[in-house]
Amino acid sequence: MDRTQNPIVNILLRFGFLVVFAGFFILFAAWNPVFLQGGNLLNIVEGASVLMILALGMTLIVATGGIDLSVGIALDFGAAFAVVAMKSYGLDWFGAACAGLIGGSLVGIFNAILVVGLRISPFLATLSTFFIGSSVQRIFTNGGGPISHRRMPEEFRNLALGDIFGVPTEAVIAFVLVVIYFLILERSIWGRRIHAMGMQRSASIVAGIRVNRILILCFVGASVTCAVAGLIAAANIRMFTPLSGFSYLLDAIAAVFIGAALHPRGRPNVPGTVAGVLFLGMVANGLNLMGLNFNTKDALQGIILLSALALAVAQQRARNR
């Protein structure tokens, strides 16, 4: 008998990721009642905000047909420029935030020069940016020491620790960026051009799409977005920690590709990325509530992520048959 005729296999192939998501949600809720409490669910959303913002920037680049391995560097530069602007130059919170966004934009501009100007592939270009940016941070901090600013303005700290009508500010910022990215990528002519580039670059050029200009805007826009995540990260701990952005890179890639596998056409999309980020946040929170030690938790998290990716890809293939 064809295995796809098995009702259980058929359900997994059609709704694999949703089954995994719901299964772990039920497991964590049954294991620890605290999981379902409103405060904990809000903690999941709040804790996933920085990753959500970073994953949005990654989604934009992957939609063009490339990848950005330097999103963590843009986060780090955003945090570094903001902290140094406040600590060394006495800028207020708004000036520091602008400085952080400028710092992130430099990463995007450098990537655009490599990809558009020198025609280096996005993978190699952004990998080079990652190594260069990492070295710059070590040199600037004399080996990688953090730069703290304990007298950080309260307005800046509120980017991470404040709230708007009871909702954490960082979650509100992430939500606003999700809406903006959704409108751009899923509901605009510009978004359709980006997806066309990602699927058929040569056909897009023939159709008259200004591919290079769009690539430049995408790389700069993605890096500025990641710099916003850097501002939140710096505000949360009142310091800049070199290379802290690297810890988000693999999760951002995983979230984007989970979301792409969920799309009928297999393309990167904002709703899918949001689902991927929330899944990763839920798993991390649930495993913490289970009280597992660090090594066991990381191993299980990797296995769960691999299973989710495998089912999402199988779901996409079943849909395309």
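Author: Let's start with a definition: a residue is buried when its relative accessible area is under 20%, exposed when that is over 50%, and partly exposed in between. Keep in mind that this is a predicted model.

Reader: What follows helix 4?
Author: Gly 90 does. Its phi is positive, near 70°.

Reader: Which residue other than glycine has a positive phi near 55°?
Author: Arg 238. It lies in the loop between helix 11 and strand 4. Leu 243 is another non-glycine residue with a positive phi, near 65°. Leu 243 is in the loop between strand 4 and helix 12.

Reader: Why does Arg 238 count as partly exposed? And Leu 243?
Author: Arg 238 has 25% relative accessibility, so it counts as partly exposed. Leu 243 is at 26%, so it counts as partly exposed too.

Reader: How does the lining of the largest pocket split by class?
Author: It has 18 nonpolar, 10 polar and four charged residues.

Reader: And the second largest pocket, what's its volume?
Author: About 210 Å³. Its lining has 15 residues. Nearest its centre are Val 62, Ala 260, Gly 266, Arg 267 and Pro 268. Helix 3, helix 9, helix 12 and helix 14 each give two or more residues to this lining.

Reader: What classes are in the lining of the second largest pocket?
Author: Nine residues are nonpolar, five are polar and one is charged.

Reader: Switching to rings. How many aromatic pairs are there in the whole structure?
Author: Eight. One of them joins Phe 130 and Phe 131. That pair is edge-to-face, with 5.4 Å centre to centre and 65° between the planes.

Reader: Where does 65° sit among the cut-offs?
Author: Planes over 60 degrees apart count as edge-to-face, and the Phe 130 and Phe 131 planes are at 65°.

Reader: What kind of pair do Phe 130 and Phe 246 form?
Author: A tilted one: 5.5 Å centre to centre, with 40° between the planes. This pair links distant parts of the chain, 116 residues apart. Phe 130 is in helix 6 and Phe 246 is in helix 12.

Reader: Is Phe 130 buried or exposed?
Author: Buried, because its relative accessibility is 18% and the cut-off is under 20%. Phe 246 has a relative accessible area of 44%, so it is partly exposed.

Reader: Last one: which residues form an aromatic cluster with Phe 24?
Author: Phe 25, Phe 28 and Phe 35. With Phe 24, they form one cluster.

Conventions: Residues are numbered from 1 along each chain as its sequence is written. This is a predicted model: local features need pLDDT of at least 70, side-chain atom pairs count only at pLDDT 80 or more; totals for chains, interfaces and linings use all residues. Side-chain values use heavy atoms; hydrogens and water are left out. Ala, Val, Leu, Ile, Met, Phe, Trp, Tyr, Cys and Pro count as nonpolar, Asp, Glu, Lys and Arg as charged, and the others, Gly among them, as polar. On a 1 Å grid over the protein atoms alone, a cavity is a set of points where a 1.4 Å probe fits but cannot get out, and a pocket is an open set with protein on both sides within 12 Å along at least five of seven lines; lining residues have an atom within 4 Å of a point. Grid points are joined across faces, edges and corners, and a volume is the space filled by probe spheres set on the points. Helices (H or I, at least four residues) and strands (E, at least two) are DSSP runs, numbered from the N terminus. Rings of Phe, Tyr and Trp (its six-membered ring) pair if their centres lie within 6.5 Å; planes under 30 degrees apart count as stacked, over 60 as edge-to-face and the rest as tilted. Buried means under 20% relative accessible area, exposed over 50%, partly exposed in between (1.4 Å probe, protein chains only).
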